[in-house]
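Please look over the structure shown below before reading this note. The points that follow are numbered, and each takes up one topic.

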Amino acid sequence: MSKLTRRDALKLTGGGLLAAGTLGLPNIARAAYPDRPINVIVPFAVGGYNDRLSRAFAPYLEKALGQPTVIVNKPGAGTQLGHTYALQQANDGYTILCTSASPYIPLTVYLQGAPYKNEDFQMINLPSRDYTLAATASGSGIKDFKEVIEKLKKDPTSLSIGVQPASADFCNMVLTMKAAGIDHTKLRIVTYDGGGPNRNATAGGQVDVGFVGGEGFIPLKEKITPLAMYAAKPAEWMPDAPLIAASGIKQDMVDGSQRGWAVSTALKKEAPDVYKAIEAAVTKASQDPEAVAALKKQDLATTWYGPEASQKAFLDNAATMSKYTDLLK
C-alpha cells in the first residue's frame, strides 16, 4: 500500500494534522516514545458514538501516555477514507484509530474493494459491543418474539418491519426469516438510512418491529419492549433482553458495531515496543476509575477485553459476514 506524500497529507488536512509533518522524513534518532502529540483518527463525522468515545476517553489516555491527543475526524466512503488514511501514516505510534471496526472494515473490504484487508488492523480493545435487537413499542401489544414469528408465518405482511438495508441488522433479520421458513421478500419492510431513525420509528410505533443496534435504544428503553437480542449471552447494557435462542430460532448471527481502539498490524510487527506502550496506555486508561465513571455517565463503554479477545471477535465476525455478502449488498 502506497503512503501519502507530504504534499497529499497537507492537502487532506489543510496543513493542520500533526502526523503529516513526520511523513517521509528520515529517522535520524528515535526519541523515547511518545515525545509529541498523538493523532486519534475517527472515520466518522463529529457527534457519533466513536467521536464521543474518543473525546471522552482522551483525557485519561493522555494521562496514561504523557502526551496530548488530537482527534481527527475523517468520514467518507463508508469509513474507507478514514481507515485507508490511518494505514497510510508512518508506523511510529503517532496514529491510533477509534472506530467501529466491525461491521465497517469488513463491509468496505467485501463490498467496496477497499485497498486493505481485515488483517491489516490490530485491535487493542473493543469495549463497545453492539448487537441487533428486535424490539417493539411498549404499547404495541406484542408480547414476545415467538408471537412475531407466528404472525409472520401465517401472513408475512401482518407486521411492518423496520430495518436499515446493507447492515448487520438486515442480515440477521433475513437469517431469522430463513431459519423460521418465512419468505423475507414478502415481508412488509420499511427501510431507514440509519439506526437513529429506525429506533425512533420503533419506539414511536410507526413500525411494528424494528431490527436495529440495541445499544442505541438505551435512552429509549422505557418506550420499547425488547423481543430478541442477537447475542450469545446477555448484553451488560440491557441484561434483561431475551436472547434470540430463547425463541427457538437456531441461526448464524452477525454482530453489530464493535467499537474501540485499534492500530495497524504493521505497527505491532515493525515497532513492538511502541505497540506495547500504546496497549499499556489504553489498558490503564480503560481501568481508571475516573474514566469508567465519566464514560458511564455518557453511556460509553470502557469494558476491558484486551487485544487477543478483541482481535478474535473482530476477525470471527468478519468471517461470518463474508458468508453473507449477498445479504449485505
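1. Helix α7 is followed by Gly-205, a residue whose phi is positive, near 75°. The helix spans residues 195-203, and its buried residues are Gly-195, Asn-198, Arg-199, Ala-201, Thr-202 and Ala-203, where buried means under 20% relative accessible area, exposed over 50% and partly exposed in between, with a 1.4 Å probe and protein chains only. The cover over these buried residues of α7 includes β5 (132-137), β6 (160-163), β8 (209-213) and β9 (224-229). Helices (H or I, at least four residues) and strands (E, at least two) are DSSP runs, numbered from the N terminus.

2. A word on the basis of these values: this is a predicted model, in which local features need pLDDT of at least 70 and side-chain atom pairs count only at pLDDT 80 or more, while totals for chains, interfaces and linings use all residues. Residues are numbered from 1 along each chain as its sequence is written, and side-chain values use heavy atoms, with hydrogens and water left out.

3. The protein chain is divided into domain 1 (38-129 + 256-327) and domain 2 (132-247), with bounds that come from an automatic or database domain assignment. Taken over C-alpha atoms, the centres of domain 1 and domain 2 are separated by 28 Å. To the contact between them, domain 1 gives 10 residues and domain 2 gives 11 residues, contact meaning heavy atoms within 4.5 Å.

4. How much area do domain 1 and domain 2 bury between them? The value is about 880 Å², with 55% of it on carbon and sulfur atoms; buried area is the accessible area (1.4 Å probe) that two parts lose on being put together, summed over both. On the side of domain 1, Asp-299, Tyr-324 and Leu-327 lose the most area to domain 2, and together they account for 51% of what that side buries.

5. Between domain 1 and domain 2 the count is 1 salt bridge, defined as a side-chain nitrogen of Lys or Arg within 4 Å of a carboxyl oxygen of Asp or Glu. Glu-215 forms a salt bridge with Arg-259, and the closest N and O atoms of that pair are 2.9 Å apart.

6. Across the whole structure, a search finds 11 salt bridges. In one of them Asp-288 pairs with Lys-63, the closest N and O atoms being 3.0 Å apart. This pair links distant parts of the chain, 225 residues apart, with Asp-288 in the loop between α9 (272-286) and α10 (289-297) and Lys-63 in helix α2 (residues 49-65). Asp-288 is buried, at a relative accessible area of 12%, whereas Lys-63 counts as exposed at 53% relative accessibility.

7. Asp-316 and Lys-312 also form a salt bridge, with the closest N and O atoms 2.7 Å apart. Both lie in helix α11 (residues 306-322), 4 residues apart, about one turn of the helix. An α-helix has 3.6 residues a turn, so residues three or four places apart point the same way. Asp-316 is partly exposed, with a relative accessible area of 39%, and Lys-312 counts as exposed at 53% relative accessibility.

8. Lys-117 forms a salt bridge with Asp-120, in which the closest N and O atoms are 3.4 Å apart. Lys-117 is partly exposed, with a relative accessible area of 47%, and Asp-120 also counts as partly exposed, at 21% relative accessibility.
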